[in-house]
Amino acid sequence: MLVGNLYIERKVIKMKFKKLLAVLGATIMVAGSMVVGTTDHFNLSNPMTVSATSLVTSEDGLYQYQVLWRNEIMIIDYYGSDNIVEIPAQIDGYNVTYLSSGMFTYCKNKDMEQIILPEGLTNIGSSVFSNLRSLKSISIPSTVKSIGPAAFSNCESLETITLPEQVTV
């Protein structure tokens, strides 16, 4: 009889556990659908995360970006081929505040020597300038607050990086 009661208790525990898993699964599905429904909004907890559904190509065709706020954008890709690249403070009327991780990964010209960044830029993602082997100099504006890991990895020719005091690397 004691063994029988123990069996019944285990069965009840298994049933409660299965119900808990079912409720948890349903909650995750509902929460997941809420996130999927808001893919055109910016994820504030991780500003370097990009949703492919909300990418825009600039009018000049040089940049792909994502709108973060009403007047701010994060540049995702650069498609130009200049040796000296000046990132504008505004693209299509939006203020450039973020450079996304790996921004120069697919650019046509890996031989760019200088990149000029605008005042107003606040964040530089990880690996943004990586593998730009001819990059010699870059000056980080005073408005930048953080630079992601490996931002300058494999920049073999890099001679000068000017950093503002308040930046965290």
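Tutor: Contact here means heavy atoms within 4.5 Å. Keep in mind that this is a predicted model.

Student: Okay, which residues is Gln64 in contact with, leaving aside its neighbours within four places in sequence?

Tutor: That list has Leu55, Val56, Thr57, Met74, Ile75, Ile76, Asp77 and Tyr79. Gln64 itself sits in strand 2.

Student: On to the rings. Why is the pair Tyr65 and Tyr94 called tilted?

Tutor: Their centres are 5.9 Å apart, and the limit is 6.5 Å, so they pair. The planes are at 55 degrees; stacked needs under 30 and edge-to-face over 60, so tilted is what remains.

Student: How do you know that this pair links distant parts of the chain?

Tutor: Tyr65 is in strand 2 (residues 63-67) and Tyr94 in strand 6 (residues 94-99), 29 residues apart.

Student: Buried or exposed: what are Tyr65 and Tyr94?

Tutor: Tyr65 has a relative accessible area of 3%, so it is buried. Tyr94 has 24%, which lies between the 20% and 50% limits, so it counts as partly exposed.

Student: How many aromatic pairs does the structure hold?

Tutor: Five. Ring pairs also link Tyr63, Tyr78, Phe104, Phe129 and Phe152 into a cluster.

Conventions: Residues are numbered from 1 along each chain as its sequence is written. This is a predicted model: local features need pLDDT of at least 70, side-chain atom pairs count only at pLDDT 80 or more; totals for chains, interfaces and linings use all residues. Side-chain values use heavy atoms; hydrogens and water are left out. Rings of Phe, Tyr and Trp (its six-membered ring) pair if their centres lie within 6.5 Å; planes under 30 degrees apart count as stacked, over 60 as edge-to-face and the rest as tilted. Helices (H or I, at least four residues) and strands (E, at least two) are DSSP runs, numbered from the N terminus. Buried means under 20% relative accessible area, exposed over 50%, partly exposed in between (1.4 Å probe, protein chains only).
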